[in-house]
Amino acid sequence: MNYAVSVGTATAKPGERAKGVIEVSRLASGDMVTLPVHVINGAKDGPRLWINAALHGNEFNGIISALRLVEAIDPAELSGAVIITPISNPLAFYARARFSPQDGGNLGESYPGAATGPITKQIAFHHFNEVKKNADYLIDLHASGVTNRSKSYSVLKYSGHPETEKRALDLLLVNGIHLNCSVDTLGKNDEPVPLTGSLDLECMQIGIPSFMLELGHANRVEEDVVQSGFNGLVNSLRHLKMIEGEVVKHEGQVVTTERFIVRCKRSGLVVQAVQPHDHVHRGDILCRIYDPFGELLEEVCAEKDMHIISLKEDCVASSGDRVAFGAA
Ligand SMILES: [Zn+2]
């Protein structure tokens, strides 16, 4: 950029990089809660891309993908600026937990935050204030929950801002993920968690194209997932004309418009009949439920044509449990 970019305590002049922190508040120990931040300010003008990770503290793949990008970017060759917050909930990260142990808060439902609220809301407040000032695009890196078996997929939340949403979708698809789930947050949804209060949705509502990439699984570092996440981020920089190079095109990507939870009626042992990202048809068997003597109790079938987002990771089901998460 033709000006210095400052985020928290990090200030990078044109053609330089800087490290620093976004300060939040003090803990009882006196330690300051801080979010580490990298600012890579290009020598040339261009958009400002913010990459966020570990909003849930046990989602590790995105941290490593983002830090690999920090190493790979040469500010002398960059147009625009890349800002990276690799660990956006440090309290949950230390605990290797999804939520903050101090107040049980889910940072993913805490935006835009509150300056004097519980600590998780304070993290959201200080984080989002910097995002609002400094981001033209935001990519939020997550991972699928530990109770699910899945492959990487993405989530794009619509809320009646078509121009921003079009730019978000264009950027999303160059990340090369096969299954991309758009969700109309204004409509009726069957979702595992509330969609409100999320960083990506708050960004979309103020004109910052944004989406979530669910990279692999929580609680793990998966090298193939880390590398494909990194490749997608590099392709994003090419798409935004922030670095030189041909944008890699991807074939056969799916964009769905609704998501739903599939539940079993009977309790027992679950044996899956499909795989994540399979495209199944109405009436196809998704899984079978057996009793402890091996007798078949139930065949859980697809109620409509659908793509499998994720499946229950373990084989123990109680009546009404979620056995699959689908999109159409
Ligand atoms: Zn997450």
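Which residues touch the most other members of the largest nonpolar core? They are Val39, Ile51, Val82, Ile83 and Tyr137, in a core of 93 residues. The model is predicted: local features need pLDDT of at least 70, side-chain atom pairs count only at pLDDT 80 or more, and totals for chains, interfaces and linings use all residues. Residues are numbered from 1 along each chain as its sequence is written.

A nonpolar core here is a set of buried Ala, Val, Leu, Ile, Met, Phe, Trp, Tyr and Cys residues joined through C-beta atoms within 7 Å. Buried requires 20 or more other C-beta atoms within 10 Å of a residue's own; exposed is 12 or fewer, and partly exposed is in between, with C-beta atoms placed from the backbone. Helix α6 (residues 223-239) gives the most to this core, with six residues. Helices (H or I, at least four residues) and strands (E, at least two) are DSSP runs, numbered from the N terminus. Domain 1 (5-254) and domain 2 (258-327) both contribute residues, so the core lies between them. These bounds come from an automatic or database domain assignment.

Val82 shows the packing. Beyond its neighbours within four places in sequence, Val82 is in contact (C-beta atoms, placed from the backbone, within 7 Å) with Ile40, Leu49, Ile51 and Ile73.

Now turn to helix α4 (residues 162-173). Its buried residues are Thr164, Glu165, Ala168, Leu171 and Leu172. They cover an arc of only 125° around the axis, which puts them on the same side of α4. The arc is taken from the directions from the helix axis to the C-beta atoms. On the other side, Pro162, Glu163, Lys166 and Asp170 are exposed. The buried residues pack against β7 (137-144), β9 (153-158), β10 (179-184), α5 (199-205), β11 (210-217) and α6.

Strands β16 (residues 285-290) and β17 (residues 296-301) run antiparallel, joined by five bridges. Strands pair if DSSP finds at least two bridges between them. Ile289 has Glu298 of β17 as its bridge partner. Five residues separate the strands, and Gly294 in the turn has a positive phi of about 85°.

Last, the backbone. Most residues other than glycine have a negative phi, and most peptide bonds are trans. The bond from Tyr111 to Pro112 is cis, with omega near 5°. Arg96 is not a glycine, yet has a positive phi of about 50°. Arg96 is exposed, with 11 other C-beta atoms within 10 Å.

Technical notes: Contact = placed C-beta atoms within 7 Å.
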